[in-house]
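Colleague: I would like to learn how to read sheets, helix packing and a chain contact from a model. Could we go through one together?

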Amino acid sequence: MKRNAIAFWGASVLFLAAILLSAELVANEYWFFAGYVILQFIVLSVAWTILGGYAGYVNFGTSAFFGVGVYTAVFLVSAVGAPLPVQIAIAAVVGAILGFAVGLLTLRMQGIFFSIATIAITIIIETAVTNWRELGGAAGIQIQRPPVTAPFHTYVQMLVFVQAVLVVISVAIARYMQNSWIGRGLQALRDDELAAECTGVPTLRLKLIACVISGALMCAAGAPAAMYLQYADPASAFNLNYSVSVLAMALIGGTAHWIGPVIGAILLGVTQQVLTVTISSEVNVLVLGVMLVLFVVGAPEGIIGLFKRRRPEGKA
Amino acid sequence: MKRRTFLGAAITGIGVSLIGKAGADQPPIKIGMSMPLTGGLAGGGKPSLLGIEIWRDDINAKGGMLGRKVELVVYDDKSSAAESPAIYSKLLDIDKVDLLFAPYGTVPTAPIMPLVKQRGMVLIGNFSFQVNSKIHHDMWFNNAPWGPADAWASAFLDIGQKAGGKTMALLSADQEFAQNLAKTAREVAGKRNLPIVFDQAYPPNTVEFSSIIRALSAAKPDIVYVASYPPDSAGILRAVSEIGVGDNVKLFGGGMVGLQFGPVMAKMGSLLNGVVNFNTWLPEPGMYYDGTKAFFDEYSKRAVPAKVDPLGFYLAPFGYASGQLIAAAVTATKSLDQKAIAKYLHESEVKTIVGPIAFSADGERKETATLQAQFQGIVDNNIDQFKKPGKQVILFPEKLKSGNLITPFEAARK
């Protein structure tokens, strides 16, 4: 256990150092643009897994949380010119509050009813933002980036590093939850909620904790997107594609272990980036669908499920 | 005999390969862009791209630019703001394109402006609306005929006020383009002390408009400014035809997107009569410049197999004009130097198939060339009627005027 923790934090530090170093070594900016999108999907799918995988509550509202993150940042920049770390921190707080509210309203529903409720929440929030003229409303809003801070040469390089830090934070949280009493409780309620309740697992409290953390991470992942695009419009920020892609990434990677969504997001994120610039974006969505069907049929536990089957004693 | 034939063939072969090699020594000039080929803006993105492709084929038939062939590098941005930054970064850093065109529409264009400015690249805009107003990129040139931000609403309200309009109603879709139009309309009405007696925005995908139209006609406006998207434009006109908008309405329309696209117009037929709406190009006398007719002949041939708008008035000729703008600048400056190209486009007036184009300091047109035209004498189920003059009579700009306004609106509908 202790050796595992040392390996994890060592790898995290190496990963961040590599990103930092790449800002010096890699001159071609495209890799940062593409890398940013992939890292953003890793945070989103890890966050999704906390509620969707550990607790088994399939959330279609990723785009709602992501969009709220984007618009929180837009609001903070246009109202008070807040710096990037403040934008992310406040977006995480807003996401946590939203997660708590959404959880209270919807977590008494189960299965498909919960999923439908999360779609409804996306639509409600998108409609509210669309009618919020101070935030640009339906016309969208352009914001200006402040100058980049050293040691980065361009703002996108800095955003990639920030998103990488978010990846480490989200994976660390997911890893902690998985190995703690929260993870064990969530696993119990995923397998049989009634039985878990009867044996004394505080199911609603655990689900609320999962919802709050998942929401906070999703909103935090959305906040830098405002600076990445320097433009926000409701149709793009609340695009249902985020929900679908993130769900596919988590399911394809596997939802029982924190590494699952990381693998899924890297695999699908890279595939999407490659397909967008080689064949077409339309094929990209088709590939997502086909892969999802193949995995649901052939590997219902995702990629990590395939490895587990080979090594049944594999440790979580 | 045989040997001579062989020798002849060999010499010809070597000759051809040498010519081929000479051509290959000169790599093509790459023009990069993303285009909404799927998603909400695809209906406009496809004809726009076809216009650009026709220009590419024309210029390559004439030997290309600077003696080099022109090659287009195009990716689909799904009509989304989230896709275009990575695509333009790839165009610049991996594909190493020489020149950039913007995608069709404001949403995918807005997020690439900072990158393009940072890299000091010329960007030929494609029908976006005021994306450069905050960024102030001095190498931005929008091909759209919009002109100054308020010109659109001013032209429509001018016509309405001349027809005796004293009050105004505003009906707009909750979407990007429509809201931009509504915002400028409010500002212009405010400056002219024109009271807005009805101001309503409706959610996208609304299909049933009878209650909204009833509320609108109860406010008894003289001028009705509608900023709508294709599906709702149809719904609004259907509701108007069933319920009517009242006898005091002198002018109806202004910013209805969709009434420029062939299939939509053909489907709406006689419902269109009387509507005064914006457009960019129409087959009216005075709209034909050098090459315009040849372009539409070629477009008509290629549109049907390409499954795009068979008329293509709205966007396609402007795609071609984007090419003409860049070709004029590259040829005149004899270089691909971005600063030189930008300087040329700022200082010169370029002749294109949609008329002469001159830019103001912000990269928008110096003068608006957005048309306001009234549908007159339209019958049902006939797309070819729109190719003839007199069906969409130009009321603005004055120098292109091709007929008179029929008013009030209820009279014009008959």
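**Sheets, helices and a contact**

Modeller: In chain B, five strands make an open sheet with the order β2-β1-β3-β4-β5, and the pairing is parallel. This is a predicted model.

Colleague: Which strands of chain B stand at the edges of that sheet?

Modeller: β2 and β5 (140-142) of chain B do; each has a single partner strand, so one side of each lacks a neighbour in the sheet. On average, neighbouring strands here are turned by 20° against each other, direction ignored.

Colleague: How many bridges join β4(B) to β5(B)?

Modeller: In general, strands of a sheet pair through backbone hydrogen bonds, either parallel or antiparallel. In this case strand β4 (residues 123-126) of chain B is joined to β5(B) by three bridges, and the two run parallel. As a point of reference on screen, L123(B) is opposite W140(B) in β5(B).

Colleague: Which strands does helix α2 of chain B lie across?

Modeller: Helix α2 (residues 42-61) of chain B lies across β1 (29-35), β2, β3 (99-104) and β4 of that chain. Its direction is at about 165° to β2(B).

Colleague: What is the strand order in the sheet of seven strands in chain B?

Modeller: The order is β7-β6-β8-β9-β10-β13-β14; this sheet is also open, but its pairing is mixed. β7 (196-202) and β14 (392-396) of chain B stand at the edges with a single partner strand each, so one side of each has no neighbour in the sheet. Neighbouring strands are turned by 25° against each other on average, direction ignored.

Colleague: In which sense do β13(B) and β14(B) pair, parallel or antiparallel?

Modeller: Strand β13 (residues 371-375) of chain B pairs with β14(B) in the antiparallel sense, over four bridges. Within this pair, Q372(B) stands opposite F396(B) in β14(B).

Colleague: Let us turn to chain A. How many helices and strands does the chain have?

Modeller: Chain A has 14 helices and two strands. Its C-alpha trace spans about 55 × 45 × 40 Å along the principal axes. For overall packing, the radius of gyration can be set against a reference: a compact globule of 316 residues would have one near 20 Å, and the 19 Å of chain A agrees with that.

Colleague: At what angle do the axes of α2(A) and α9(A) cross?

Modeller: The axes of helix α2 (residues 30-54) and helix α9 (residues 203-229), both of chain A, cross at roughly 165° and come within 8 Å. The crossing angle therefore makes α2(A) roughly antiparallel to α9(A). The crossing is left-handed.

Colleague: Which residues make the contact between α2(A) and α9(A)?

Modeller: Among them are Y36(A), V43(A), L44(A) and W48(A) of α2(A), and C211(A), I213(A), L217(A) and M218(A) of α9(A). The residues of this contact divide into 16 nonpolar, two polar and no charged.

Colleague: How many residues does each chain give to the contact between chain A and chain B?

Modeller: Chain B gives 27 residues and chain A gives 29 residues. On the side of chain B that touches chain A, the elements giving two or more residues are β2 (70-76), α3 (84-93) and α7 (176-191) of chain B. α3(B) gives the most, with six residues. By type, this side of chain B divides into 13 nonpolar, six polar and eight charged residues.

Conventions. Residues numbered from 1 in each chain as written. Chains lettered and ligands numbered in written order. Predicted model: local features only at pLDDT ≥ 70, side-chain atom pairs only at ≥ 80, totals over all residues. Contact = placed C-beta atoms within 7 Å. Nonpolar A, V, L, I, M, F, W, Y, C, P; charged D, E, K, R; others polar. Axes fitted to C-alpha atoms, helices over the stretch in contact; angles between N-to-C directions. Parallel < 35°, antiparallel > 145°, perpendicular 65-115°, else oblique. Left-handed = near helix turned anticlockwise from the far one by under 90°. Pairing = 2+ DSSP bridges. Rg over C-alpha atoms; globule rule 2.2 N^0.38 Å.
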